[in-house]
Amino acid sequence: MVKNFIITAWRNLKSNKVFSFINVFGLSIGLTCCMLIGAYLYQELTYDTYPAQAKQLYRVALHSNGNNAAADFPSVDVAVGQGIKSVFPEVLAVTRLTGRGSVFVKYQEHQFKEDKVVLIDSNFFQMFSIPLVEGDIKTALTEPKSIVITKAFEKKYFGNSLALGKALTVGSDLVKVTGVIDKIPDNSHFHADAFMSMVTFVTPRAKQTWSNVGYYTYLLLDKNANPKKLEAGFPQLVAKFVVPEIQHDMGVSLAEAQKSVNSFIFFLQPLTDIHLHSSTKYEFEANGDIHYIYIFGALALFILLLACINFTNLSTASATKRSKEIGIRKVLGSAKNKLVSQFLIESVMLTFLALLFALGMVYLLLPYFNDLSGKQVAIGFFLNYKALILETALTLIVGIIAGIYPAFFLSSFQIISILKGSNGTQPANRGGLRSSLIVFQFAISTALIISTFIVYQQLHFMQNKKLGYDKNQVLVINDTYMLGDNINAFKQQLLNDNRVVNATISSNVPGYNSMGGTEIYVKDIADKGTRTELQTGIYWIDNSYIPTLGMQLSKGRNFYPSSPADSASVIINEAAVRDLGFGNTDPIGKTIIRSGQRHYTIVGVVKDFHYTSAKQKIAPLMMLASNNSKGSIILRIKTTDINHLINDIKNQWNTYNASAPFSYSFLDEQYASLYASEQRTGQIFTSFSIIAIIIACLGLFGLAAFMIRQRVKEIGIRKVLGASTGSITAMLSKEFLKLIIIASLIAFPITWYAMYKWLQDFAYRINIEWWVFLLAGCIALLVAVLTISFQSIKAALANPVKSLRSE
């Protein structure tokens, strides 16, 4: 029986080539999307699950909510981890990681700038279950000046030789390679290439402080420990260790310092939640976002549903072609359940055929997908036995979902109606479900078109927003501190070039996330009994910084050139003026106190500028005078031959015999890179919009063909009676176009709400304009018209004699 069903199904697929192509192609696109997005979701959802005791690992984070300004930090101070372990027995172990920053590493003639060198405690690899391929995991990092490197790092510096036991120069330190790991797993929230021992810089005799940040601290809890109960005990540690530090460092009374018990809050983050649920300041790496997991998962489901709807619509619409077959089977005694089984087998068989095409499409699209998603998924991911089981199960489910309604619909035909020449169904029920499904398809398609427009509008808005400085024609020369005392001579040599308009030296470049932080308050306001401490960023600049970057002062003056008097001067931004509580008071000449000790006089107020992404609100910033900063030289240039200028600068750099290679970047390119995530989101929405429209149009094309075939005699009669080609085309298209308009009206409010919520993540955002919805609706209508018109015009131009020959 089953063999007969399969043979019949295959013959039916061959006899309905257009129907089969539309369904196989649509389902294969839907399955391809599901498989690719499934791979992305799997990688995102399995972040940090590789440690053997991942469920017992937690990161200690800090929530600060003082002075009406709340902020979360993913790191804490050097002594916090061990302090917690010493008090709470349920904490079995603690380990720390902190960044070393950009540093030059040298071995013999090989020298490179490395950005992924970190310091870790000796038990770090054990807690995170990262094995050493060379060296002893227990002792590799117990001694100062020891380092563990990755295999790629070893290859880079040592070629095919073993690195174990050899010495590297890291910055100014000569360190010994005591271990080699393969690499940090891809699905980890941190990655590094070299791991120096923490005791190299943080010795047991070092000051054990609690009130700062910078050390990513991880706790291993007992499997029966209650994290919430543990957190409840943290305030007593704040009272014991943080309060005395604040009292000493800020020079405040004990009562004032004790306020930190409520504003200085340590909390725990489960290791496996960090990547998708943590968006604190200064994450070690950019994390994912659980909201995008929901969005992409929903998109994959919708795309697959669109393909299933095509199958359902085309199967029910083509019922007249199979009514006689069904009638004959019923006359010969075929039971309804047998007919249902036959049609389900056809559906599942067609879906498995689509799976084969989908695997081929996955293979072809995988490089593009990896580039779009930023992942590195290999084709083997889809071909291992677990994946094949899931893909088979998904295909079976899709086949049943797509075929279940058509199977019961076709098997319910009445024999008497069929023998009378009817299609066997009740006229009242005809087309209602098909119309609803078309509306659903185009509602999804229209929503995706609207979302794509809004995503790109927001991206364009951020990339072209007035930043408070001019990012164009700005060249940043990196690592100029390697020039030592020659940095000013090099700067002056560059200024002698008429292609260089201005130059400044600073470690702080907008968009580069290179900034320190501190707390400040206004002395005059504090003396009156209202002390508002403000967390603020710090820029160290010279007097050329503001004019070079095209910033504007709203009040006061710039720093004087090489003036010792400005060592106690400060320029603050407008955000700092507002948050410090000046109100209508002129801040020029007022004194602010930094960290409770250093006094600075405000000499200028710079207009707010975006020193981080425009996604974030401009935060308070203080700019201090420094003529000794050596991080980077920032040049404003004026030339059309940039490559020639860069080559000349490189030659000048080489004359100083700097111990680092010449390195540069452009400020506008760095700024654009801040929005890589939004750019990727826009590309994903664009891709899915196109796919959704293609699937919906395929279904509409096939459905229009079947509907017109049913009305071929009506069309012939209308032509004989004098109807024009245009009127017939309009008549045939009108019913479908009504459905598209209804779909658009449904999509508009739902999409507006969803995109309004998405835009709330941006401090500076666009207003959603009405014309976006109108344009998206028009695009959906235009695509539908073009799809239907082919079949409508073909039917209108047909010779009516052929359609009426049998009458």
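This is a predicted model: local features need pLDDT of at least 70, side-chain atom pairs count only at pLDDT 80 or more; totals for chains, interfaces and linings use all residues.
Threonine 150 finds its bridge partner in β10, and that partner is isoleucine 181.

**Around β10**

The strand that carries threonine 150 is β8 (residues 146-150), which pairs with β10 in the parallel sense over 5 bridges. Strand β7 (residues 132-135) runs antiparallel to β10, and 3 bridges join the two. Then there's β9 (residues 167-170), also antiparallel to β10 and joined to it by 4 bridges. Valine 170 has aspartate 173 as its bridge partner in β10. The β9 and β10 hairpin has 2 residues between its strands, and glycine 171 takes a positive phi there, near 65°. As for cover, 7 of the 9 residues of β10 are buried, so the strand counts as mostly covered.

| Strands | Sense | Bridges |
|---|---|---|
| β7 and β10 | antiparallel | 3 bridges |
| β8 and β10 | parallel | 5 bridges |
| β9 and β10 | antiparallel | 4 bridges |
| β3 and β6 | antiparallel | 3 bridges |
| β6 and β11 | parallel | 4 bridges |

**β6 and its neighbours**

Strand β6 (residues 117-120) is covered on both faces. Val117 and Leu119 are buried on one side, and Val118 and Ile120 are buried on the other. Its antiparallel partner is β3 (residues 91-99), with glycine 99 bridging to valine 118. Its parallel partner is β11 (residues 194-197), and here valine 117 has alanine 194 as its bridge partner.

**Aromatic rings**

A search of the whole structure turns up 34 aromatic pairs. One of them is phenylalanine 124 with phenylalanine 190, an edge-to-face pair at 5.4 Å centre to centre and 65° between the planes.

Lysine 156 sits over the ring of phenylalanine 112, 4.7 Å from its centre. Lysine 465 does likewise with tyrosine 764, at 4.5 Å from the ring centre.

**Helix α25**

Over to a helix now: α25 (residues 725-759) has 35 residues. From first C-alpha to last, α25 reaches 48 Å, close to the 51 Å expected at 1.5 Å a residue. Where does α25 have its kink? The kink is centred on lysine 734 and amounts to about 40°.

**The chain overall**

Zooming out, the chain holds 27 helices and 24 strands. Of its 807 residues, 49% count as buried. Looking at contacts in the chain with a separation of 6 or more, 80% come from residues 24 or more positions apart.

Technical notes:
Residues are numbered from 1 along each chain as its sequence is written. Side-chain values use heavy atoms; hydrogens and water are left out. The expected span of a helix is 1.5 Å times one less than its number of residues. The bend at a residue is the angle between axes fitted to the seven residues ending there and the seven starting there. Buried means under 20% relative accessible area, exposed over 50%, partly exposed in between (1.4 Å probe, protein chains only). Two strands pair if DSSP finds at least two bridges between them. Rings of Phe, Tyr and Trp (its six-membered ring) pair if their centres lie within 6.5 Å; planes under 30 degrees apart count as stacked, over 60 as edge-to-face and the rest as tilted. A charge sits over a ring if NZ of Lys or CZ of Arg is within 6 Å of the ring centre and within 35 degrees of the ring normal. Contact means heavy atoms within 4.5 Å.
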